[in-house]
Every structure is written in structure tokens, then in C-alpha cells.
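Open the structure in your viewer and get ready to select a few residues. We will go from stop to stop together.

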Amino acid sequence: MAMLKTIKTSMNDTKQALDGIKASMNSLKTEVDTLKGNMEQVQTQMKDKPAKFKSSLSYLKLGIGDLKAEAAAIKQGVTAAKDAGKDHEPAGSLLAGAEFVREATGFKLKKGGQVIGEITYAEGPEPDTWMANHTYVDPEYRGGSIAKTLLERLVEEARLEDKRIFPVCSYVRAQFKRNPEYRDVWHEY
């Protein structure tokens with residue numbers, strides 16, 4: 001009889017152990033289900049991220065490529081502007097004797113042969129997009145409206161050529177944010 005009692009106690013202990021394992025398994029299953037739900041939410045939220053990241057990366061690569069090209073040009077001393085008469089235009093009442101010089105990728109403002117300001121752009125990933133990547137004004141002429149005038153000339157040209165401008169340059173980006181008159185040419189993504 002003692003042996004039956006020992007077997008019965010052993011079976012009860014085994015049943016309690018199995019009940020404990022079953023409870024642990026149910027708890028684990030609940031946690032796994034919660035994790036699955038969280039993963040589905042993350043996957044849903046991340047669905048659009050790769051496309052936006054890829055687009056941003058494309059713009060960044062283009063900007064870096066343009067900066068490398070510009071640095072190489074500066075190192076080589078290639079700063080001469082196209083000097084065809086049709087590429088020059090007066091800068092109006094901005095500065096007596098100053099003129100805009102149209103270049104392949106921007107505009108320079110020259111006075112007496114000296115560059116006193118410039119704004120440049122690179123072709124964007126879309127054929128109708130320019131990436132405004134650089135604005136510079138000679139320190140002697142800063143504090144006026146030269147940078148704004150250069151930007152307005154670039155915007156005017158973009159409108160004429162049916163282009164949109166993506167502002168990589170911090171000055172251009174700030175002006176686009178402040179001035180609603182540039183909305184029609186601002187390429188936002």
C-alpha cells in the first residue's frame with residue numbers, strides 16, 4: 001500500500017509540474033503573440049521608409065558628387081566664366097558697373113572682372129530639377145541684397161526653363177522657407 005501511495009504522490013507531483021509547464025507555455029505564447037503584433041506595426045510603419053531613404057540618399061549622392069567636382073575645379077584653378085557677350089547682363093541698380101554672367105550651372109555677379117557673388121546648381125535626379133548647392137558673396141559686399149538678387153535670378157531662370165529647385169544650400173533653403181513667392185519652383189520631397 002505504501003508503494004501505491006508513493007506512486008499516487010509521484011503522479012500528483014508530475015501533474016502539478018505539467019500544470020506549471022502548461023501555464024508557462026501559455027504565458028510564453030501570449031508574449032510571442034504580443035511581439036508578433038509589435039513586429040507587424042513596425043513593418044507597417046517602415047514600409048515607406050526605404051523609398052524616402054533612397055530618395056534622400058540620391059539627393060545626397062548628387063550633392064556630394066557636385067561638391068567633389070567643384071573642389072576639383074577649384075584645385076585646378078578652373079574659375080574662368082564663359083565670356084560670350086550674350087551671357088552677360090547688367091545687374092541693374094544693384095551695383096554700378098556690375099553684371100550677371102550666366103554659366104553652365106549658375107550665375108556669377110562680376111564687377112570690374114572680380115567675382116563678388118555667385119549661385120550654383122547641379123542637375124537633379126529628375127530632368128526638371130536643379131539642386132541649388134552653393135551661394136557665395138565676397139565679404140566686402142555682404143550685408144546687402146546680393147545673395148537675394150542672385151537667388152531671384154536663378155529662380156527667374158528656373159521659371160523660364162520650367163525647372164524646379166531643390167535647395168541643398170542652406171541660404172536657398174532658408175529663403176524658400178521664408179518667402180512664399182518661391183513656392184512654384186520649390187521641389188520638396
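Here is a short tour, with something to select at each stop.

This is a predicted model, where local features need pLDDT of at least 70, side-chain atom pairs count only at pLDDT 80 or more, and totals for chains, interfaces and linings use all residues. Residues are numbered from 1 along each chain as its sequence is written, and side-chain values use heavy atoms, leaving out hydrogens and water.

**Stop 1: helix 3.** Select residues 146–160, which form helix 3 (helices are DSSP runs of H or I with at least four residues, strands runs of E with at least two, numbered from the N terminus). At 1.5 Å a residue, times one less than the number of residues, its 15 residues should span 21 Å, and the end C-alpha atoms agree because they are 21 Å apart. Buried residues here (under 20% relative accessible area, 1.4 Å probe, protein chains only) include Ile 146, Leu 150 and Leu 154. Just after helix 3, find Asp 162, with a positive phi of about 60 degrees.

**Stop 2: the core.** Which residues have the most contacts inside the largest nonpolar core? They are Ile 146, Leu 154, Ile 165 and Phe 176, in a core of 26 residues (buried Ala, Val, Leu, Ile, Met, Phe, Trp, Tyr and Cys joined through side-chain atoms within 4.5 Å). Helix 3 gives the most to this core, with seven residues.

**Stop 3: Phe 176.** Beyond its neighbours within four places in sequence, Phe 176 is in contact (heavy atoms within 4.5 Å) with residues including Leu 151, Pro 167 and Trp 186.

**Stop 4: Met 3.** Finish in helix 1 (residues 2–46), where Met 3 lies. Met 3 counts as exposed (over 50%) because its relative accessibility is 63%.
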